[in-house]
Amino acid sequence: TYMLEEITSSLSDGGTLKQRFRYTADIPGGIYPEMRERHLLNLPVESQTYKNGKLTGGKLITYQKIHDMFLPYRVFTRKSNTAYSSTSFYNGSETSFPDFNPPVTFRSFDSKGNCIEYVPENGIPIIYIWGPNAPSPVAMIQNATLDEIKQLVDFDKCVTGKQSIDAYFMNRDF
């Protein structure tokens, strides 16, 4: 492939910094063979950073299939200042990652692939409300789940512009 696999840089102290990258085309198991069949070859999955040959950090992005689209599911970052137990690459089917922080989890997407709900590492959910044909969200709500928000807001009316979001959140005590 012509995708970037590795970058090596010289450090001012004489050491080296190396970054290694893997993409959907490189992952043998899980959902990734189907992604390859659909020619989704260059989505980033894993990166690892090495300083002077020692693993110092990394990121792992897993994917899920929703509405016949392949979308991010979880984003893991390696714990800092930890002696890593493994430098092996992700194989597409592992579910436990002891060297990684709790993941950012993408819970819900709309039919266009826009993220509606995700939970960052801190565990506090974030909801996005997308307008009609909007390229970016029209509202962001923190510290509430999608189910809690749906009890207050009719999402179908919000995204079609038939209802004002302000009407639900003015003078409310949350």
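1. Let me start with a term we will need: a salt bridge here is a side-chain nitrogen of Lys or Arg within 4 Å of a carboxyl oxygen of Asp or Glu. By this rule the structure holds 7 salt bridges. Please keep in mind that the model is predicted, with local features needing pLDDT of at least 70 and side-chain atom pairs counted only at pLDDT 80 or more, while totals for chains, interfaces and linings use all residues. Residues are numbered from 1 along each chain as its sequence is written, and side-chain values use heavy atoms, with hydrogens and water left out.

2. Now the overall fold. The strands form an open sheet of 9, in the order E1-E2-E3-E4-E5-E6-E7-E8-E9, with antiparallel pairing. Its edges are strand E1 (6–10) and strand E9 (137–142), each of which pairs on one side only. From one strand to the next, the twist averages 15 degrees. On terms: helices (H or I, at least four residues) and strands (E, at least two) are DSSP runs numbered from the N terminus, and two strands pair if DSSP finds at least two bridges between them.

3. E1 and E2 are antiparallel partners over 5 bridges, and Ser9 stands opposite Leu17 in E2. Their hairpin has 5 residues between the strands, and there Gly14 takes a positive phi near 95 degrees. E2 goes on to pair with E3 in the antiparallel sense over 7 bridges, where Gln19 has Thr49 in E3 as its bridge partner.

4. At the other end of the sheet, strand E8 (residues 126–130) pairs with E9, again in the antiparallel sense, over 5 bridges. Here Trp130 stands opposite Pro137 in E9.

5. Lys18 is worth a look on your screen. Lys18 sits in strand E2 (residues 16–23). Its relative accessible area is 30%, so Lys18 is partly exposed; buried means under 20%, exposed over 50%, and partly exposed in between (1.4 Å probe, protein chains only). Leaving out residues up to four places away in sequence, Lys18 touches Glu6, Ile7, Thr8, Gln48, Thr49 and Tyr50, where contact means heavy atoms within 4.5 Å. The C-alpha atoms of Lys18 and Lys54 are separated by 9.5 Å, although these residues are 36 apart along the chain.

6. Arg22 is also found in strand E2. Glu46 forms a salt bridge with Arg22, with the closest N and O atoms 3.6 Å apart. This pair links distant parts of the chain, with Glu46 in strand E3 (residues 44–51) and Arg22 in strand E2, 24 residues apart. Glu46 counts as buried because its relative accessibility is 5%, and Arg22 is buried too, at 13%. Not counting residues up to four places away in sequence, Arg22 touches Ile27, Pro28, Leu43, Pro44, Val45, Glu46, Phe89 and Tyr90.

7. Two further salt bridges belong together. Lys65 and Glu34 meet through their side chains at 2.6 Å, N to O. Lys65 lies in strand E4 (residues 54–66) and Glu34 in helix H1 (residues 32–37), so this pair ties together parts 31 residues apart in sequence. Both ends are partly exposed, Lys65 at 38% and Glu34 at 29%. The side chains of Arg38 and Asp68 meet at 2.8 Å, N to O. Arg38 is in the loop between H1 and E3, and Asp68 in the loop between E4 and strand E5 (69–77), so they tie together parts 30 residues apart in sequence. Arg38 is partly exposed, at 35%. Salt bridges that share partners join Glu34, Arg38, Lys65 and Asp68 into one network.

8. Which residues have the most contacts inside the largest nonpolar core? They are Tyr32, Val45, Leu60, Tyr63, Tyr90, Phe106 and Tyr118, in a core of 24 residues. A nonpolar core is a set of buried Ala, Val, Leu, Ile, Met, Phe, Trp, Tyr and Cys residues joined through side-chain atoms within 4.5 Å. Two or more residues each come from H1, E4, E5, strand E6 (104–109), strand E7 (115–119) and E8. Tyr32 touches Val45, Tyr63 and Tyr90, among others. A second, separate core of 9 residues includes Ile127, Ile129, Ile141 and Ala144. In soluble globular proteins, nonpolar side chains tend to be buried together.

Definitions and conventions
Axes are lines fitted to C-alpha atoms, for helices over the stretch in contact, and angles run from 0 to 180 degrees between N-to-C directions.
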